[in-house]
Amino acid sequence: MGSGELSVEKLFSLTTGHEPYDYQVRAWKRIRDIMQGGGKVIIEVPTAGGKTEAAVMPFLAEVYKGTWAVSRLVYVLPTRSLVEKQAERIRNLLSKMLVLKGKAENEAKEIAEKMVVVEYGLEPTHAFLGPIVVTTWDAFLYGLAAHRTVGNRFTFPAGAIAQGLVVFDEVQMYQDESLYMPRLIALIVEQLSEANVPVVIMSATIPTELRKLIAGESDIIGVEPEDRKKPERGRVKVRVSRGEFGNVIEDIKNALKNGKKVLVVRNTVERAVSTYLKLSELAEELGVKPLLIHGRFTVGDRKKKERALDGASLIVATQVVEAGLDLPNIGLVVTDIAPLDALIQRIGRCARRKGEEGEAIVLIEELNVGDFPNVRGFSEVVKEIEKKIGGKVETEPFVEFENHKEYKRVVKVIFDISGKKETRYVGTPSTIQNLGQRKKPPKDLLVVPYEAAPYDPLVLMLTHDELDSLEEYLYDARLARNALDRVYRFHYANNLVPREFHSAYIYFRELKLFSAPPEYELRSRPELYAMFYVPENRQNDINFKSDRVVRVSLSVLKSKWDELKNCIKGQLKRRWDSGRRKYHWVLTETQDTSPQAFAIYVLSGECYSPSVGVLFNGGEIKANDKKEQTGDSNAKNSARRAQKSDRSRSNGEKQATLLDFAEVRT
């Protein structure tokens, strides 16, 4: 059979050795249509359902046949941690297709390596010139919206994007408190649609309002009840554990003894590091080596850890692993309580193959809140009101956040009962600390007995009400969507448009596909960031390499700045060398009393550990960590969670990329 005669379905079967699912066939037909004339496709399928293949196979079939309905595939992911794994997955598919086409296996792998380009914004071209580009949201946004300088020439990645098939995967991870990123993605999708650029939007856990915000009323392709061939995953038994992390250590120990891999997901970097240190002794006892991964490692160390994930028996992580990673043979997942979509994604890492069995434990570390009334779920707030009034609450309450003069930021719940309003405030253990030494708890204050940070406590309470059905949501995307709609019903109804979005809105209203961008600030995320450069050795010699950079949110740095002062050796600033006609970077003293957005600070080597990341305690050394890595040190205390980083332009200066570090002069 000639290569031009192969259907996508047949090519998929020959490449993977599997028959396609019915929903994949429907997706391929629709994607082929939009590759010809533009449009949007939404794919909503449970975790481990083969969404990647559903999105990329129509393009790979074009590559195989040499017909090229579009010139490239641009695959956009929310975080850097997902990019390398997804790129490798696509390379494997492409390599197998090239072998099928007659290439030798080594040659096929070499070609696939070159054809699939990873774009972080650190690459030589910044131009999205590869046939298949796997990129982050930040790099994609600035590639689309901004021109950049390479040597003496401008490049316009927008032109490359305009000729491609654009896939936005794991869109549920773009949610933030103000819905800044979903609104921005909606603007991008609208602009791409107007230019007839084909767009695919994918998630296993997307609330209806989020989907409508991003893609309007577009049709959804998913698994139908009548489908004959549908994804089947292993069975996961889900249970809730209330109390300290120590309560689940025996479960972890038993799973490791039985040869199962264990994934522990904590909500903050601080908890993840603490857990990693606790489990290190257990791992040593059982002869396994734990792996810690979060967002506060250098680019190079992060990549090493991502490559080591498949072979690791005990993984401790933050949100960076909660979506898009196909980790083999995970038999136990232990996770902090988190928003429902995050829980489904985290637990979805477990028992992903048909016939596998696993267990997931949702850990709720409940704290002593004294005499304050406890409310674990939102339903318990309703019961508290009903107990006071001695009747039933018939109508949906009004819920919003309030900066209360006494409680600070709390959830305000207003019930309308027979024309009379009842108000309750819901706080967390942190709220109690802010109250100080009050003798009696306020009558209108209820307390969630677990720390919600970094999440919205209202979303966590509503998630708590869904925990009994969590197992069902792993297998049915429609049930999951209905539950997510319940969890996020207040989140979307009461959300205000952030100030930063207005400038982004104007920016994209003025931006044409191939025009120079307006002179406005454009943020890819609401949170600003700064960067650390970590020298390669303890002597702090500067021999710049782009993989020695760490990006950290500005709010975290501000909270830890006093602890970091002794770690900061200076700041790298960009300078133009008119003689050599190129930019270089100069190490200068810094007089900053607080961290500045987009600044690049040189970090003392004693304040960074390849095993645990940036040390916010001034580089204190734990003796037992010396056994693990020569010359390395662990943190005694870790920092708060690493919020997802963004790339942005600063005060009208030319946007910097790390390969501009042609030389650093001290």
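**Salt bridges and the disulfide**

1. Let's begin with Arg-489, which counts as partly exposed, with a relative accessibility of 30%. Keep in mind throughout that this is a predicted model. The salt-bridge partner of Arg-489 is Glu-396, and their closest N and O atoms sit 2.6 Å apart. That pair links distant parts of the chain: Arg-489 belongs to helix 19 (residues 489-493), while Glu-396 is in the loop between helix 14 (378-389) and strand 16 (398-404), 93 residues apart. Glu-396 is partly exposed too, at 48% relative accessibility.

2. Next, Asp-227 and Arg-26. They form a salt bridge whose closest N and O atoms are 2.9 Å apart. Arg-26 sits in helix 2 (residues 22-37) and Asp-227 in the loop between strand 9 (220-222) and strand 10 (235-242), so this pair links distant parts of the chain, 201 residues apart. Are the two ends buried or partly exposed? Asp-227 is buried, since its relative accessibility of 9% is under the 20% cut-off. Arg-26, at 33%, counts as partly exposed.

3. Then there's Lys-412 with Glu-402, a salt bridge with 3.0 Å between the closest N and O atoms. Lys-412 is in strand 17 (residues 408-417) and Glu-402 in strand 16, so the pair ties together parts 10 residues apart in sequence. Lys-412 counts as buried because its relative accessibility is 16%, under the 20% cut-off.

4. Arg-266, Arg-271, Asp-336 and Glu-365 are linked in a network of salt bridges. As for how many salt bridges there are, the count comes to 32. As a general point, side chains of opposite charge can pair when their charged atoms come close.

5. On to the cysteines. How many disulfides does the model have? The count comes to one. It joins Cys-567 and Cys-607, with the sulfur atoms 2.0 Å apart. The torsion about their S-S bond is about -75°, so this disulfide is left-handed. Here too the pair links distant parts of the chain, 40 residues apart: Cys-567 lies in the loop between helix 21 (554-564) and strand 22 (568-577), and Cys-607 in the loop between strand 24 (600-603) and strand 25 (608-609).

6. Last, burial of the cysteines. Cys-567 is buried, with a relative accessible area of 0%, and Cys-607 is buried at 2%. Cys-350 also counts as buried, at 0% relative accessibility.

Notes:
Residues numbered from 1 in each chain as written. Predicted model: local features only at pLDDT ≥ 70, side-chain atom pairs only at ≥ 80, totals over all residues. Heavy atoms only, no water. Salt bridge = Lys/Arg side-chain N within 4 Å of Asp/Glu carboxyl O. Helix = DSSP H or I, 4+ residues; strand = E, 2+ residues; numbered from the N terminus. Buried < 20%, exposed > 50% of the residue type's maximum accessible area, 1.4 Å probe, protein only. Disulfide = S-S within 2.5 Å.
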